[in-house]
Amino acid sequence: MRRGTEEHAWQEVEVELTPAGHEGDLDAISRALEAQGAQAQPATSKLVQALGSLLTQRTEDQPRSAAQVIGDYLATQVGMVQAMEPEVRADAPDAVHKLRVACRRLRSVLRVYRALMDAERTEPLRTELKWLGEVLGGPRDAEVLRERLHEGLDLMPDEGILGPVRERLATELDARHAAAHAAMVAALDEERYAGLLEALTCLLTDPPFLPGAERPARQVLPRHLDRATRRVSMRWAAACAAKRPEKMELAHEARKKAKASRYAWEAAIPALPNAERAAAAWKQVTESLGVAQDTVVSRARLLELTAAAGEAGEPTFTYGVLYGRELAHQDDARGVADRAVRIARRASRTH
């Protein structure tokens with residue numbers, strides 16, 4: 001390929017694990033290739049490899065512009081989307097989660113810094129990224145649910161487990177995950193997904209930044225981050241003042257705003273001295289609120305499992321214990337989140 005007047009070339013061998021394969025197969029193949037002189041490379045997309053330094057061209061004595069800082073972050077996330085697709089299709093551990101997070105990071109940065117970009121280009125892209133996130137949400141939610149309920153069961157004494165609870169959880173939750181994964185793979189085969197990948201490529205090859213984004217990042221980014229903090233604060237205040245079940249709905253909205261703030265601060269780390277601390281603080285907020293939201297999903301599923309067990313003539317006591325445990329986790333997580341929001345707001349001060 002050509003960058004300016006320079007030509008660059010490389011050869012690449014990509015090894016993917018199919019559902020019938022084993023991790024040991026990858027290790028053996030990797031060792032054989034390395035013995036022939038191949039070198040292992042990080043999971044970077046072909047597009048990012050091709051663009052190389054064009055993503056960050058600047059001299060060392062120049063302050064980084066907002067466009068450079070945001071553009072580099074976007075490029076990393078686009079690379080993750082491209083690199084994770086084979087693992088997602090093969091249902092590799094944590095692959096769906098990583099791809100979903102990359103989509104969230106892209107959407108968040110395009111949202112928080114949207115005044116610096118051409119909205120006619122970025123808003124449709126955000127819509128498509130939201131669609132992909134929802135597609136990935138099925139298998140990811142199934143993974144989280146399976147992990148939470150099995151963990152809760154493992155913490156119970158044997159005498160508290162009445163009936164074939166483990167067998168029902170394994171059968172029904174595994175089937176739920178398999179169906180969600182199959183639906184996700186079908187969506188990745190659609191033209192809509194191919195169009196999204198093309199749009200992400202254009203995001204890097206033809207950046208959507210407006211002239212104002214060429215100013216130094218340390219001057220431009222703070223006001224956008226301040227707005228993101230205010231949005232979280234308003235949503236969280238509304239959630240704290242509400243009553244059930246509206247409280248959890250508003251807390252979930254506050255969590256989404258906190259994610260946007262977290263990833264926007266994450267993108268700003270190369271430019272702002274307190275960005276890493278602020279991003280870490282918002283991470284605590286999103287994780288605590290994430291636990292609370294997970295309990296909402298798990299309780300709903302436990303009610304379904306209880307009904308199914310009752311119809312089959314099985315004891316339902318254990319499902320009720322698990323339900324109570326999830327309810328307690330929700331209250332604990334909300335208390336942690338309240339403290340975390342206060343800490344994150346302090347860490348996010350830009351002046």
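This is a predicted model: local features need pLDDT of at least 70, side-chain atom pairs count only at pLDDT 80 or more; totals for chains, interfaces and linings use all residues.
Residues are numbered from 1 along each chain as its sequence is written, and side-chain values use heavy atoms, with hydrogens and water left out.

**Exercise 1. The nonpolar cores**

Task: Find which residues touch the most other members of the largest nonpolar core, and which helix gives the largest share of this core.

Solution: 
- Start with the terms. A nonpolar core is a set of buried Ala, Val, Leu, Ile, Met, Phe, Trp, Tyr and Cys residues joined through side-chain atoms within 4.5 Å. Buried means under 20% relative accessible area, exposed means over 50%, and partly exposed lies in between (1.4 Å probe, protein chains only).
- The largest core has 75 residues, and Ile70, Val88, Tyr113, Leu116 and Leu221 touch the most other members.
- Helix H3 (residues 66-89) supplies the largest share of this core, 11 residues. Helices are DSSP runs of H or I with at least four residues, strands are runs of E with at least two, and both are numbered from the N terminus.
- Another core lies apart from this one; it has 13 residues, including Leu153, Met156, Val165 and Tyr319.
- In soluble globular proteins, nonpolar side chains tend to be buried together.

**Exercise 2. Positive phi in a loop**

Task: State where Asp91 is placed, and give the phi values of Asp91 and Asp94.

Solution: 
- Asp91 sits in the loop between H3 and helix H4 (95-112), and Asp94 is found in the loop between H3 and H4.
- Phi of Asp91 is near 60°, a positive value in a residue other than glycine.
- For Asp94, also a residue other than glycine, phi is positive and near 70°.
- Asp91 has 32% relative accessibility and therefore counts as partly exposed. Asp94 is partly exposed, with a relative accessible area of 34%.

**Exercise 3. Salt bridges**

Task: Say how many salt bridges there are, and describe the pairs Asp72 with Arg64, Arg168 with Glu172 and Asp338 with Arg342.

Solution: 
- A salt bridge is a side-chain nitrogen of Lys or Arg within 4 Å of a carboxyl oxygen of Asp or Glu. By this rule the count is 20.
- In the pair of Asp72 and Arg64, the closest N and O atoms are 2.3 Å apart. Asp72 is buried at 17% relative accessibility, and Arg64 is buried at 18%.
- Between Arg168 and Glu172 the closest N and O atoms are 2.5 Å apart. These residues are separated by about one helical turn because they are four residues apart in helix H6 (residues 165-188). Arg168 counts as buried at 14%, whereas Glu172 counts as partly exposed at 22%.
- For Asp338 and Arg342, the closest N and O atoms are 2.8 Å apart. This pair lies in helix H11 (residues 317-347), four residues apart, so about one helical turn separates Asp338 and Arg342. Asp338 is partly exposed at 27%, and Arg342 is partly exposed at 43%.
- Salt bridges that share partners also join Arg168, Glu172, Arg301, Glu304 and Glu314 into one network.

**Exercise 4. Ala308 and its contacts**

Task: Which residues is Ala308 in contact with, leaving aside neighbours within four places in sequence?

Solution: 
- Ala308 is in helix H10 (residues 275-311) and counts as partly exposed at 24% relative accessibility.
- The contacts of Ala308, leaving aside neighbours within four places in sequence, are Arg168 and Glu172.
- Ala308 and Arg168 are 140 residues apart along the chain, and their C-alpha atoms are separated by 9.3 Å.

Notes
Contact means heavy atoms within 4.5 Å.
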